[in-house]
Amino acid sequence: MKDKLTSLELKWIVYDIGNSAFILLCTTIIPIYFNSISSAAGIAESDYLTYWSYATSIATIIVVFAGPIFGTLADYKDKKKRYFFISALLGALGLAAFWIPGNWKYFLLLFVCAKVFYSLSLVFYDSMLNDVTTDERMDNVSSIGYALGYIGSCVPFIISLGLVLIGEKIGFSISTSMMIAFILNAVWWIAFTIPIAISYKQKSYIEKQDHVLKQTFGRLYYSLKNAKKDKKIFLFLLAFFFYIDGVYTIIDMSTAYGTSLGLDTTGLLLALLMTQIVAFPASLIFAKLSKKGSSEKLIKIAILAYFCIAVFAIQLDKQWEFWLLAFAVGCFQGGIQSLSRSYFAKIIPDASSGEYFGLFDVCGKGASFLGTFLIGFITQITGHQNIGVAAISVLFLIGFFIFNKVSKME
């Protein structure tokens with residue numbers, strides 16, 4: 001694999017290994033840790049899920065506004081690398097400090113900040129793809145990035161999980177174990193940020209002008225206007241908003257959902273570790289299939305698979321069912337993420353990749369606003385988590401029908 005990649009492609013790819021450690025914690029250990037803090041404060045299980053959903057949604061709303069603006073600013077000469085490194089560094093520092101707040105409200109505030117900087121780093125990182133590789137290699141490079149991210153993030157996660165499960169047996173309190181786990185994953189994140197932060201050179205850019213802020217908003221408005229005129233880009237973003245919203249809602253809420261149903265937390269964590277392991281070969285298979293067939297067909301297959309996963313989750317109430325769901329997610333998670341990223345990179349102008357990926361990441365990684373809000377709101381109103389989950393399946397149907405139109409356009 002390494003021999004087939006250029007040095008710059010490989011350095012770009014390894015950031016997926018770094019940032020994936022954070023998002024894996026967000027879907028596994030961190031919700032359980034928050035549950036322990038909120039339970040100690042007398043918060044009910046259903047309210048815990050609601051507050052976690054709202055915190056994730058708030059982070060997304062912030063990125064909705066900040067992502068396109070900073071993405072547009074990053075398109076100016078020599079800005080993208082600087083913004084990328086600062087956002088990754090601040091996200092990692094936030095993660096390293098997760099063990100400090102004892103109050104559940106302060107913890108959620110810190111979580112929102114770290115999640116926002118994580119999402120912003122991806123705006124800049126994804127927009128680098130146009131400079132790092134060629135159109136012909138994008139599907140493969142993007143897929144390998146996700147694949148290595150899944151398997152690589154297992155290393156700090158397994159150490160963190162070991163600390164949580166057996167820390168007390170070797171003399172660590174649970175608070176000490178969590179402190180070590182958070183700092184370890186933050187250091188991992190930064191370590192895999194450095195290679196591309198040093199080597200990346202912005203080839204496609206816009207020359208800096210006077211009145212930068214005014215020009216930035218003007219370019220953003222122009223891009224939104226152009227995206228609306230370019231029917232293919234506009235409809236893809238619309239389809240992507242719905243189906244990837246469902247994907248990330250499942251990723252963000254899976255552990256919280258299982259915990260609220262009373263499922264064994266150790267089993268949940270091990271099942272999601274299996275998801276990462278399964279996603280590694282599955283992503284590489286998608287990369288190979290993209291060379292032989294159209295990425296449009298593969299994306300549609302993945303959307304339909306996720307619709308079935310969401311429907312299955314509605315009745316989920318047993319541990320083995322969660323394991324089955326985790327396996328199914330692993331089969332399609334990397335494919336739908338990587339191919340969507342590379343597909344979008346191929347249909348947008350290179351020089352404006354930052355501003356377009358700002359719009360893309362509003363709907364993308366970390367942007368599960370609609371799904372998490374629906375789960376939180378419907379669960380709070382009805383008192384039944386399963387009814388909230390049912391709304392997610394509708395997002396995949398809407399996304400599929402819109403993307404089906406996109407795939408037929410020239």
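**Exercise 1. Determine which helices the buried residues of α8 pack against, and check the length of α8**.

Solution. The buried residues of α8 pack against α1, α2, α7 (138-152), α9 (174-191) and α13 (265-292). The model is a predicted one, in which local features need pLDDT of at least 70, side-chain atom pairs count only at pLDDT 80 or more, and totals for chains, interfaces and linings use all residues. Residues are numbered from 1 along each chain as its sequence is written, and side-chain values use heavy atoms, with hydrogens and water left out.

Step 1. Helices (H or I, at least four residues) and strands (E, at least two) are DSSP runs, numbered from the N terminus. Buried means under 20% relative accessible area, exposed over 50%, and partly exposed in between (1.4 Å probe, protein chains only). By this criterion Cys154, Pro156, Phe157, Ser160, Leu161 and Leu163 are buried in α8.

Step 2. The expected span of a helix is 1.5 Å times one less than its number of residues. For the 13 residues of α8 (residues 154-166) this gives 18 Å, and the end C-alpha atoms are 18 Å apart, so the two agree.

**Exercise 2. Characterise the crossing of α1 and α2**.

Step 1. Axes are lines fitted to C-alpha atoms, for helices over the stretch in contact, and angles run from 0 to 180 degrees between N-to-C directions. The axes of α1 (residues 7-27) and α2 (residues 29-40) come within 3 Å and cross at roughly 45°.

Step 2. Angles under 35 degrees count as roughly parallel, over 145 as roughly antiparallel, 65 to 115 as roughly perpendicular and the rest as oblique. α1 is therefore oblique to α2.

Step 3. Contact means heavy atoms within 4.5 Å. Leu25, Cys26 and Thr27 of α1 and Ile29, Ile30 and Pro31 of α2 make the contact.

Step 4. Ala, Val, Leu, Ile, Met, Phe, Trp, Tyr, Cys and Pro count as nonpolar, Asp, Glu, Lys and Arg as charged, and the others, Gly among them, as polar.

**Exercise 3. Characterise the packing of α2 on α5**.

Step 1. The axes of α2 and α5 (residues 104-127) come within 9 Å and cross at roughly 155°. α2 is therefore roughly antiparallel to α5.

Step 2. From α2, Ile30, Tyr33, Phe34, Ile37 and Ser38 meet Trp104, Phe107, Leu108 and Phe111 in α5. These residues divide into eight nonpolar, one polar and no charged.

Step 3. Nine of the 12 residues of α2 are buried, so α2 is largely enclosed by the rest of the structure. Among them are Ile32 and Asn35.

**Exercise 4. Summarise the whole protein**.

Step 1. The protein has 18 helices and zero strands, and buried residues make up 59% of its 410 residues.

Step 2. Among contacts between residues at least 6 apart in sequence, 86% join residues at least 24 apart.
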